[in-house]
Amino acid sequence: MKQHPIFRYLYIFYSFVFLINISNVFIESERLNYIIGIFAILMLFISFFGASRLFKILGSAFLIVGTIAYLSTSQPILSIPAFLTSNMPLLTLLAMLPWMNSVVRSGRFDRSLNSLLNVNASDLGKLYPRSSITTLILASFLNLSAASISQDVLKDNLSSLKKNLQNSFISTVTLRGYTLALLWSPLEILLAVSIFTTGVDYVSLLPWLLLIAGITFILDSIWGRFHYKKHSYGDYSLKQTTIDMKKVIKKIIHLLTALILFLTLVIFFGNQFNLDFIFTVTILIFPFALTWSFIMKRSKSFWVIGWKTWKVKTNSMQNFIVLFLSLSFFEVSISGTAFLDFIQQPVIAVSEYPLLVFVFIQVIFIFMSMFGVHPIATIGILGGVIATLLETMNPVSLAIVLATSSVATLTVGAYGLIVQLTSLSTGQNPYRITLNNLPYALGFGFVGSIVAYFLL
């Protein structure tokens, strides 16, 4: 069914619905929102056939539980379409992200930065922080593909080493550097969901996320330096490679300047027109990327790369459409029901001990991820609990806990996309990758919990 020709043109239908949703942000029409809900039902139905087995199971579970909860409220069936629209802004954001990815590729920033990984270091300990920071910078714009690019380069560089050592180094440094970028990147969907759930302002959250990322990077780099310093390149270290450091530094400064400018525009337009963070990022991505490509005189390659990438990515959104729309129905349906009370009780029981609550939430994320539950789904399950905690706790603290806990799971989720891709790239068992990164995931989340605790 996935190969049916209709899946080549889904981007037209999806884009149509997303454009209506963007328009309704300004119109604020309940009738139009209901129409969007009808389209959402059709999107859910069509996407279900193209979704992976794991997301079909997750979506079905949310729909079944949501339906049971909905029937217990005695509300009319005609109200259902309005229940499926709350997460549409997140899907719209997902559809726009490929354009930022494309402008970075058209500027060949990925090639320049990865040349850093082609320069020899005397041992793996010295290569570790360099590999981490390279993946981090790339992931700020390229997201998932940044890890794949770094892994391909490192596989070539470390080909003379034992396979187990190669796998250990690659699966730790690339996944960890990847998560450190996603924690604060305005283009990361998990951060967007955390902000969406708690209602906090990105500006108030950003300094603390950068602090957590900085602390975690330093601690992980120290660990990597000492853990891998006993391993040299062997014969490969004799092959000296030189790069133009001025050119690479120039590219890094260019990328960081673009990111700072993008964040500034997001904050300015959000405050000026009273727009929420997710929507502001969504509507600014394309014009910003297009203008950037003109400034670099790479507009032609931007269009070639961007159009192809955007169509492919939008046509492949079935997993997230099934997850987000079923999750939306689930969240709205269980609000105010006895089922919500059942979920809330364990957390409420320890609510007088905030640090314990934060650690408990973190453990839930990691535990669920090991069984294939996407962190966005976990946030949805905990949505009612978070709503209760927001009444007595600092929203910024809760947003920090959600962001760090959800992003940390990307290094240990055995069924997650990034772990699966790393497993495919290195030939490792995904549970081996999980085991290697479990201490990091726990430490990452704990640093976030500590910072969140001091902000209460």
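Reader: At what angle do α9 and α19 pack, and how far apart are their axes?

Author: This is a predicted model, so keep that in mind throughout. The angle is about 150°, and the axes of α9 and α19 lie 9 Å apart. Angles over 145 degrees count as roughly antiparallel. The pair α9 and α19 is therefore roughly antiparallel. As for handedness, α9 passes α19 in a right-handed crossing.

Reader: Which residues of α9 and α19 meet?

Author: From α9 come Leu-190, Leu-191, Ser-194, Thr-197 and Thr-198. They meet Pro-395, Leu-398, Ala-399, Leu-402, Ala-403, Ser-406 and Val-407 of α19.

Reader: Take Thr-198. Is it buried or exposed?

Author: Buried means under 20% relative accessible area. Thr-198 has 9% relative accessibility, so it counts as buried. It lies in α9, which covers residues 189-198. Thr-198 is then in contact with Ile-386, Leu-390, Pro-395, Leu-398, Ala-399 and Leu-402.

Reader: Which way does α19 run relative to α16?

Author: Start with the geometry. Helix α16 spans residues 354-369 and α19 spans residues 395-408; they pack at about 30°, with axes 9 Å apart. Angles under 35 degrees count as roughly parallel. So α16 and α19 are roughly parallel to each other. Here α16 passes α19 in a right-handed crossing. On the α16 side, the contact is made by Phe-358, Ile-361, Gln-362 and Phe-365. On the α19 side, it is made by Ser-397, Leu-398, Val-401, Leu-402, Ser-405 and Ser-406.

Reader: How many residues does α16 have, and which of them are buried?

Author: Helix α16 has 16 residues. From first C-alpha to last it reaches 23 Å, close to the 22 Å expected at 1.5 Å a residue. Its buried residues are Pro-354, Val-357, Phe-358, Ile-361, Gln-362, Ile-364, Phe-365, Ile-366 and Ser-369.

Reader: What about α19 and α21: which way do they run relative to each other?

Author: Their packing angle is about 175°, and their axes are 9 Å apart. The helices α19 and α21 are therefore roughly antiparallel. Helix α21 covers residues 430-454. In α19, the residues involved are Ser-397, Ile-400, Val-401, Thr-404, Val-407 and Ala-408. They meet Ala-441, Phe-444, Gly-445, Gly-448, Val-451 and Ala-452 in α21.

Reader: How do I read the sides of a single helix?

Author: Begin with the helical repeat. An α-helix has 3.6 residues a turn, so residues three or four places apart point the same way. Now apply this to α3. Phe-55, Leu-58, Gly-59, Phe-62, Gly-66, Ala-69 and Tyr-70 are buried in α3. These residues cover an arc of only 100° around the axis, which puts them on the same side of α3. On the other side, Arg-53, Ile-64, Ile-68 and Leu-71 are exposed.

Reader: What do the buried residues of α3 pack against?

Author: They pack against α14 (318-334) and α17 (375-381).

Reader: What is Gly-59 in contact with, beyond its neighbours within four places in sequence?

Author: Gly-59 is in contact with Val-322 and Ser-326. At 0% relative accessibility, Gly-59 counts as buried.

Reader: Now backbone angles. Which residue other than glycine has a positive phi near 60°?

Author: That is Lys-297. It lies in the loop between α12 and α13 (299-315). With 76% relative accessibility, Lys-297 counts as exposed. Asn-274 also deserves a look. It has a positive phi of about 55°, although it is not a glycine. Asn-274 sits in the loop between α11 (245-272) and α12 (277-295). Its relative accessible area is 72%, so Asn-274 is exposed.

Reader: Lys-246 last. Is it buried or exposed?

Author: Exposed means over 50%. Lys-246 has a relative accessible area of 72%, so it is exposed. It is found in helix α11. Lys-246 and Ala-414 are 168 residues apart in sequence, and their C-alpha atoms are 40 Å apart in space.

Notes: Residues numbered from 1 in each chain as written. Predicted model: local features only at pLDDT ≥ 70, side-chain atom pairs only at ≥ 80, totals over all residues. Heavy atoms only, no water. Buried < 20%, exposed > 50% of the residue type's maximum accessible area, 1.4 Å probe, protein only. Helix = DSSP H or I, 4+ residues; strand = E, 2+ residues; numbered from the N terminus. Arc of directions from axis to C-beta. Contact = heavy atoms within 4.5 Å. Expected span 1.5 Å × (residues − 1). Axes fitted to C-alpha atoms, helices over the stretch in contact; angles between N-to-C directions. Parallel < 35°, antiparallel > 145°, perpendicular 65-115°, else oblique. Left-handed = near helix turned anticlockwise from the far one by under 90°.
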